Amino acid sequence: MASLLESGWQYLITHFSDFQLACLGSFFLHESVFFLSGLPFIWLERAGWMSNYKIQAKNNSPAAQEKCIVRLLLYHFGVNLPVMIFSYPVFSYMGMRSSLPLPSWKTVLTQIIFYFILEDFIFYWGHRILHTKWLYKHVHSVHHEYATPFGLTSEYAHPAEILFLGFATIFGPAITGPHLITLWLWMVLRVLETVEAHCGYHFPWSLSNFLPLYGGADFHDYHHRLLYTKSGNYSSTFTYMDWIFGTDVGYRKLKALKSTQIEDGSELKNN
């Protein structure tokens with residue numbers, strides 16, 4: 001497996017420059033993973049399949065979904081791609097490389113865990129700032145146009161917010177100068193995480209059912225369906241920042257209430 005991966009990587013670095021791989025390759029990978037993981041949730045919503053796992057009963061109109069896709073393509077080509085191109089010198093200066101040998105799995109795992117923790121911390125505070133009155137009205141309200149989120153709305157945001165919160169995602173790799181394959185893996189995992197958090201469905205196999213500190217769709221969906229001053233749940237991936245600073249109180253109360261109602265319902269059936 002390792003030799004096969006190295007052979008494939010050898011092909012890439014032989015046929016493409018570092019710049020092409022880090023910028024254009026990263027952009028192509030991002031677009032592929034993002035749309036391939038996000039589009040199925042539009043189909044699920046339109047078809048009405050697995051509706052018993054849908055968190056909110058309300059559906060988005062086809063026009064609203066199509067508007068999201070068009071805006072995303074505009075933002076991705078107009079904001080994301082230029083950022084990847086102009087940040088390349090920074091990553092190169094900090095030591096990012098694409099050459100062989102590939103990093104060990106221990107190095108990759110350590111860096112990925114570090115990126116998740118650091119990103120979540122920065123994102124939490126940046127997100128809270130965006131929920132102040134002026135910034136919410138002029139910037140963050142764009143993201144909240146969709147009170148019933150679906151996978152692709154995860155990156156639907158004002159260009160200023162894309163730059164502001166995007167900093168949380170790239171800061172870890174920027175200061176550590178990882179191997180490009182580590183950067184790609186981090187990007188893939190981060191995209192899959194944010195798409196899942198906005199998917200609008202809570203499945204039996206959702207990670208939040210198995211990882212106690214993982215937020216997931218149910219945690220973030222609560223954030224979208226409340227007024228900006230009362231929403232809470234500001235973290236991107238985990239739940240401990242909201243728990244520490246008390247910004248998940250409303251969510252925890254709602255969960256406790258639902259749990260009580262389920263228990264009461266079970267008792268009535270048994271009687």
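## Loop residue N233

N233 is located in the loop between α8 and α9 (240–244); helices are DSSP runs of H or I with at least four residues, strands are runs of E with at least two, and both are numbered from the N terminus. The model is predicted, so local features need pLDDT of at least 70 and side-chain atom pairs count only at pLDDT 80 or more, while totals for chains, interfaces and linings use all residues. Residues are numbered from 1 along each chain as its sequence is written, and side-chain values use heavy atoms, with hydrogens and water left out.

The phi angle of N233 is near 50°, a positive value in a residue other than glycine. Because its relative accessibility is 0%, N233 counts as buried (under 20% relative accessible area; exposed is over 50% and partly exposed in between, with a 1.4 Å probe and protein chains only).

## Further backbone features

M50 likewise has a positive phi, near 55°, and is not a glycine. Its position is the loop between α2 and α3, where M50 is partly exposed at a relative accessible area of 37%. In the loop between α3 and α4 lies P101, and the peptide bond that joins L100 to P101 is cis, with omega near 5°. As background, most residues other than glycine have a negative phi, and most peptide bonds are trans.

R97 and P178 are separated by 81 residues in sequence, yet their C-alpha atoms are 6.9 Å apart. Leaving aside residues up to four places away in sequence, R97 touches L102, P103, P178, H179 and L180 (contact: heavy atoms within 4.5 Å).

R252 belongs to helix α10 (residues 249–270) and counts as partly exposed at 40% relative accessibility. R252 and T148 lie 104 residues apart in sequence and 20 Å apart in space, C-alpha to C-alpha.

Helix α1 (residues 2–15) packs with helix α7 (residues 180–197) at an angle of about 105°, their axes being 12 Å apart. Axes are lines fitted to C-alpha atoms over the stretch in contact, and angles run from 0 to 180 degrees between N-to-C directions. The two helices are therefore roughly perpendicular (65 to 115 degrees; under 35 is roughly parallel, over 145 roughly antiparallel, the rest oblique).

From α1, L5, W9 and L12 meet L180, I181 and W184 of α7. This contact consists of six nonpolar residues, with no polar and no charged ones (nonpolar: Ala, Val, Leu, Ile, Met, Phe, Trp, Tyr, Cys and Pro; charged: Asp, Glu, Lys and Arg; polar: the others, Gly among them). Helix α8 (residues 216–224) is mostly covered, with nine of its nine residues buried; among them are D218, F219 and H220.

## The largest pocket

The largest pocket holds about 930 Å³ of space. On a 1 Å grid over the protein atoms alone, a cavity is a set of points where a 1.4 Å probe fits but cannot get out, a pocket is an open set with protein on both sides within 12 Å along at least five of seven lines, and lining residues have an atom within 4 Å of a point. Points are joined across faces, edges and corners, and volume is the space filled by probe spheres set on them.

Its lining has 40 residues, of which N80, E155, I162, G166 and T169 are closest to the centre. Two or more lining residues come from each of α2 (18–47), α3 (62–93), α4 (105–130), α6 (159–176) and α7. By class, the lining comprises 20 nonpolar, 16 polar and four charged residues.
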